[in-house]
Amino acid sequence: MSKITWTTVGGGPEVGANCYLVSAAGKQIVLDSGSHPKKEGLAGLPGFSLIRKAPDGVLVTHGHVDHCGSLPVLIRHFPATRVYATKPTLSIVDRMLHNSVSVMGTIALERGITEYPLYSHTEVEDALRGAYGLGFNQEFALTIDGEVRASFHHSGHVLGSASVLLRTPGHNLFYTGDICVADQELMSGLTPLSEDEKVDTLVIECTYGASPRADGLVLEDEIQRFGREAAKVIERGGSVLAPSFALGRTQELLNVVARLQQEGTLPQTTVYASGLGRAIYEIYEKFPEYLKPGANLSPMRSFKRIGDVWERGVARELLREPSVIVATSGMMIENTPSAMIAQEMVRDKRHGIFFVGYLDPETLGHKLLYGGKGASHLFELSGHPVKVELDNLQSFHFSAHAPRRALRSVIDHIKPRNLVFVHGDEKAIQWMSDSSPDTCRKYIPTMGQTVTLDA
Ligand SMILES: [Zn+2]
Ligand SMILES: [Zn+2]
């Protein structure tokens with residue numbers, strides 16, 4: 001009775017379409033239903049054919065698309081399966097998925113990807129109708145007989161983000177989701193699981209497993225460095241662009257900028273925020289009890305709307321006066337607000353472009369940062385390459401993921417029998433596995449693989 005199985009339906013040893021199937025006591029639970037941030041069309045979906053009967057529930061840890069982006073497709077296959085998430089996560093997932101429908105529609109037109117959109121606005125509504133919104137540490141039954149139970153635990157990553165404790169007969173599993181141990185500007189670090197909880201299997205994210213640099217960084221030092229560098233740009237009449245993910249980084253950074261202005265590190269200039277980031281900001285305002293105690297959330301009206309940067313002249317107009325601009329996408333994918341603004345900015349050396357998150361090597365953001373002055377890039381797919389004149393391209397480490405030393409401390413605290421490593425590249429997962437105690441049984445299940453876990 002104490003055996004369970006774990007199947008990687010998507011994600012596993014990469015940061016991809018996270019989706020996992022847990023089978024225990026004849027019941028089936030799905031953890032997360034993401035879409036791959038880099039793959040397009042149907043290739044970006046988890047392998048749903050691995051799920052052969054309707055799951056008893058799907059639990060979504062947070063609103064980033066690598067954890068929720070395929071939920072409407074899963075529910076299309078299994079309409080009777082109920083969705084569970086924290087209350088803020090449900091609101092965020094709703095905004096993120098409707099935005100995905102619009103983005104997929106645009107890509108379908110621009111690039112002729114006929115598989116897009118993968119789902120409709122109606123299917124987003126169908127998936128979330130009847131979804132259960134829960135608080136932290138509130139145990140709930142996933143099956144009528146009450147044999148499988150679960151609870152969400154504050155994971156410190158973004159608003160409402162959770163780890164999941166799954167209790168099945170004779171076997172408890174803890175899935176971290178994405179975690180941040182240290183406090184951020186708005187989020188407090190994760191709440192450690194009570195010492196009394198016995199966890200047989202710990203499934204842990206490994207994002208920073210290959211990054212020793214992240215271990216030694218102090219967030220406040222990076223914040224002050226950002227402030228000093230941004231002040232230099234503004235004082236010489238330029239603007240600062242900080243490409244940011246819509247969920248998490250945008251809200252955190254806007255409040256960092258507001259504090260730096262209050263403290264006098266940054267001059268009082270206009271601060272701009274782009275569309276989806278603003279929509280998510282409204283949800284942060286709705287759930288103040290989920291923010292760090294004492295977090296001083298600036299009202300969203302203190303940040304100006306960017307406007308339609310695809311209209312001729314709008315980006316140029318935006319840059320007439322010095323300002324700080326927080327715009328999606330974080331990795332500066334072509335045709336997104338950050339790319340459209342950067343296209344205008346790179347022609348003028350007064351400005352600065354400051355990256356504040358992870359950059360995939362394939363993305364425009366990475367090419368721009370490391371290509372430096374003199375390189376030419378295509379910012380708008382239907383446009384022409386633009387030569388970079390500015391040389392103030394920098395990166396700052398503002399992560400919402402735990403560095404590897406903190407990930408290790410989570411393992412030491414929970415002391416599981418089995419360790420399953422997910423959500424990291426090959427090197428990251430290998431480091432985590434190599435440095436974990438050999439008293440644990442260790443698993444790195446690949447895509448489509450099922451492992452049996454003993455209590
Ligand atoms: Zn995340
Ligand atoms: Zn993730």
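Predicted model: local features only at pLDDT ≥ 70, side-chain atom pairs only at ≥ 80, totals over all residues.
**Domains**

The domain assignment divides the protein into domain 1, which covers 4-212 + 400-453, and domain 2, which covers 218-395. The C-alpha centres of domain 1 and domain 2 are separated by 29 Å. To the contact between them, domain 1 contributes 21 residues and domain 2 contributes 24 residues. On the side of domain 1 that touches domain 2, the residues divide into nine nonpolar, seven polar and five charged.

**Packing of helix H3**

Helix H3 (residues 87-111) comes within 10 Å of helix H8 (residues 275-286), axis to axis, and the two axes cross at roughly 165°. An angle over 145 degrees counts as roughly antiparallel, and H3 and H8 are therefore roughly antiparallel to each other. The crossing in which H3 passes H8 is right-handed. From H3 the contact takes Pro 88, Ser 91, Ile 92, Arg 95 and Asn 99, which meet Leu 276, Ala 279, Ile 280, Ile 283 and Lys 286 in H8. Sorted by class, this contact of H3 with H8 holds six nonpolar, two polar and two charged residues.

Helix H4 (121-128) is another partner of H3: the axes of H3 and H4 come within 9 Å and cross at roughly 160°. H3 and H4 are therefore also roughly antiparallel to each other, and H3 passes H4 in a right-handed crossing. Here Leu 90, Val 93, Asp 94, Leu 97, His 98 and Val 101 in H3 meet His 121, Val 124 and Leu 128 in H4. The residues of this contact of H3 with H4 comprise six nonpolar, two polar and one charged.

**Surroundings of Ala 85**

Ala 85 belongs to strand S5 (residues 83-86). With 29 other C-beta atoms within 10 Å, Ala 85 is buried. Leaving aside residues up to four places away in sequence, Ala 85 touches Leu 59, Val 60, Leu 90, Val 93, Ala 131 and Gly 133; of these, Leu 90 and Val 93 also take part in the contact of H3 with H4. Ala 85 and Ile 29 are 56 residues apart in sequence, and their C-alpha atoms are 13 Å apart in space.

**Backbone features in loops**

Most residues other than glycine have a negative phi, and most peptide bonds are trans. The table lists departures from this pattern.

| Site | Feature | Value |
|---|---|---|
| Tyr 116 to Pro 117 | cis peptide bond | omega near -10° |
| Thr 328 and Ser 329 | cis peptide bond | omega about 5° |
| Ala 25 | positive phi, not a glycine | phi about 50° |
| Met 332 | positive phi, not a glycine | phi about 55° |

Pro 117 is placed in the loop between H3 and H4, the two helices whose axes cross at roughly 160°. Ser 329 lies in the loop between strand S15 (323-327) and helix H10 (337-345), and Met 332 is likewise found in the loop between S15 and H10. Ala 25, by contrast, sits in the loop between strand S2 (19-24) and strand S3 (27-31).

Key. Residues numbered from 1 in each chain as written. Chains lettered and ligands numbered in written order. Axes fitted to C-alpha atoms, helices over the stretch in contact; angles between N-to-C directions. Helix = DSSP H or I, 4+ residues; strand = E, 2+ residues; numbered from the N terminus. Parallel < 35°, antiparallel > 145°, perpendicular 65-115°, else oblique. Left-handed = near helix turned anticlockwise from the far one by under 90°. Contact = placed C-beta atoms within 7 Å. Nonpolar A, V, L, I, M, F, W, Y, C, P; charged D, E, K, R; others polar. Domains from an automatic or database assignment. Buried ≥ 20, exposed ≤ 12 C-beta atoms within 10 Å, placed from the backbone.
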